[in-house]
Amino acid sequence: MLRIFVGLFVSVWVARYLGPTDFGEFSYILSFVGIFSVLATLGLDSIVVRELVAENIDEGKIIGTAFLLKIIGFFLVIAAILFAIPFTSNNSYTNILIFIVAGATIFQSFNVVDMYFQSKVLSKYVVYANFISLFISSIVKIIFILNEYSLIYFIWVIVFDSLILAAGLVYFFTTKSTISIKNLKFDKETSFFLLKDSWPLIFSGIVISIYMRIDQIMIREILNIESVGQYAAAHKISSAWYFVPSVIVSSLFPAIIKAKKDNHELYLYRLQFLYDFMIWIGVFVAIVITLNADAIISLLYGSQYN
């Protein structure tokens, strides 16, 4: 919650500073890379958590295998972007910024630490790492705004933020986990097993990613980059609430998996409770934001985004 709200405050400040045109370029680049960055996860996240929750498993083998698979996923992201760029109307400068942001996806490999702590219901250490990276990157962005830096510096902050977060995750893993880094290892059979279960999630992840990101790509191609900036400003307010289901699901997932193994009725009850809870949260947020949209945009972004 802290990361989302502080990040929203800073991103709004960045949007006001850059203006609709540069902010549109910034948002377009993030959306373009975001469509392909789902390949870096290979749909492994929930599968790895599921396996780590199980008893009598080699945690070092699962984490090490997932880490290397995610490294492979990073190269798939780069290959997919190289294939897609010729079909766009981007200039060379925009393409350079795209590859800078794409480079940050390699640090997603360290999210295996997040999966480990999720399986142990110790997500507080991941929160600490997120808070550190949020604080540092926010300070850097504010410095760039006050000193009137250009767009490319804000692009590099994305890479810097990912690097700091990865370093934080590694630190907490080495100091708080029961697994030594030297016990992490890649296993071919384990990789096939994980990918066999994750391929439907890879497919659904790609579809969801396209659904979530394609709008800004289309606006850039059909209208102009300033329109992307206007749209992105509105989208930022809407998507600020996406953290709610992410936090709830990631926190309850181990308990739901455990109930599935131990008590089928309890499993169904917890699943139904989760769905009901999500629906009512969605309805509440939709009503509040819809009724106050004009005031929110004017207050946060100013007249240039009206």
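View 1. Asp262 is exposed, with a relative accessible area of 56%; here exposed means over 50% relative accessible area, buried under 20%, and partly exposed in between (1.4 Å probe, protein chains only). Helices (H or I, at least four residues) and strands (E, at least two) are DSSP runs, numbered from the N terminus. The model is predicted: local features need pLDDT of at least 70 and side-chain atom pairs count only at pLDDT 80 or more, whereas totals for chains, interfaces and linings use all residues. Residues are numbered from 1 along each chain as its sequence is written, and side-chain values use heavy atoms, with hydrogens and water left out.

View 2. Glu25 belongs to helix H1 (residues 2-37) and Arg220 to helix H8 (residues 188-222), so the pair ties together parts that are 195 residues apart in sequence. Glu25 is buried, with a relative accessible area of 11%, and Arg220 also counts as buried, at 13% relative accessibility.

**View 3. Helix H5 and its cover.** Seven of the eight residues of helix H5 (residues 112-119) are buried, so this helix is largely enclosed by the rest of the structure. The buried residues are Val112, Val113, Met115, Tyr116, Phe117, Gln118 and Ser119. Their cover includes helix H2 (45-53), helix H3 (59-84), helix H6 (124-146), helix H7 (151-176) and H10, with contact meaning heavy atoms within 4.5 Å. After H5 comes Val121, whose phi is positive, near 55 degrees.

**View 4. Glu148 in the loop between H6 and H7.** Glu148 lies in the loop that separates H6 from H7. Its phi is near 55 degrees, a positive value in a residue other than glycine. Glu148 counts as exposed, at 64% relative accessibility.

**View 5. The whole chain, as context for the close-ups.** The chain has eleven helices and zero strands. Its C-alpha trace spans about 60 × 40 × 35 Å along the principal axes. For 306 residues, a compact globule would have a radius of gyration near 19 Å, and the 20 Å of the chain agrees with this; the radius is taken over C-alpha atoms, and the globule rule is 2.2 Å times the number of residues to the power 0.38. Buried residues make up 44% of the 306 residues. Among contacts between residues at least 6 apart in sequence, 83% join residues at least 24 apart. The accessible surface comes to about 16,400 Å², of which 68% belongs to carbon and sulfur atoms; accessible areas come from the Shrake-Rupley method with a 1.4 Å probe, and for residues only the protein chains shown count as cover.
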